[in-house]
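Thanks for making the time this morning.

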Amino acid sequence: MRRERVYVNTSILIRAVNPREAGHRESVCFINELVGRGFMLVVSSVHWRESYRNETWRKLRKLFRRFNFVYCGVDADSIVGAAVLYVRRFGYSDERIIDVMHLMAARRCRCRFIAAVDRFIKAHAGEFGLIYIN
């Protein structure tokens, strides 16, 4: 039986590793629930484009090991151009480029779901053939 793949967006990850972040407990419980239901948790090379502090990276790597996240390498350079075009075509802020890159990466990683706490990703997940969950 093939396990469903869930792309876990930065918004969930940061909450999960930072106890002072609003929604910390809920994010950890959500990740636990996904694992308990047999989902495969996926992160991509786009996550490495985010500007995290060294301490945050250390905590993220620990989280990835604890919950057996699967790393999916995508050519982030190849999708950044498409993400820029998408953002500009619809008049969104350049701050949304990384969000669009995550949406594109989730598809390239053969994920059916994207887990996030993000209104933009929620609004656009369907355009990329993804089901938004949180």
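This is a predicted model: local features need pLDDT of at least 70, side-chain atom pairs count only at pLDDT 80 or more; totals for chains, interfaces and linings use all residues.

Of its 134 residues, 50% count as buried.

As for overall dimensions, the C-alpha trace spans about 40 × 40 × 25 Å along its principal axes. A compact globule with 134 residues would have a radius of gyration near 14 Å, and the protein has 14 Å, so the value agrees with that expectation.

The protein has 6 helices and 5 strands, and if you read along the sequence they follow the pattern β-α-α-β-α-β-α-α-β-α-β. Looking at contacts in the protein with a separation of 6 or more, 63% are accounted for by residues 24 or more positions apart.

Now to the helix pair. How do helix α1 and helix α3 pack, at what angle and with their axes how far apart? Helix α1, residues 10–17, and helix α3, residues 54–66, pack at an angle of about 100°, with their axes 10 Å apart. Because angles of 65 to 115 degrees count as roughly perpendicular, α1 is roughly perpendicular to α3.

On the α1 side, Leu13, Ile14, Ala16 and Val17 make the contact, and they meet Thr56, Lys59, Leu60, Leu63 and Phe64 in α3. The residues of this contact divide into 7 nonpolar, 1 polar and 1 charged.

Note on methods:
Residues are numbered from 1 along each chain as its sequence is written. Side-chain values use heavy atoms; hydrogens and water are left out. Axes are lines fitted to C-alpha atoms, for helices over the stretch in contact, and angles run from 0 to 180 degrees between N-to-C directions. Helices (H or I, at least four residues) and strands (E, at least two) are DSSP runs, numbered from the N terminus. Angles under 35 degrees count as roughly parallel, over 145 as roughly antiparallel, 65 to 115 as roughly perpendicular and the rest as oblique. Contact means heavy atoms within 4.5 Å. Ala, Val, Leu, Ile, Met, Phe, Trp, Tyr, Cys and Pro count as nonpolar, Asp, Glu, Lys and Arg as charged, and the others, Gly among them, as polar. The radius of gyration is taken over C-alpha atoms; the globule rule is 2.2 Å times the number of residues to the power 0.38. Buried means under 20% relative accessible area, exposed over 50%, partly exposed in between (1.4 Å probe, protein chains only).
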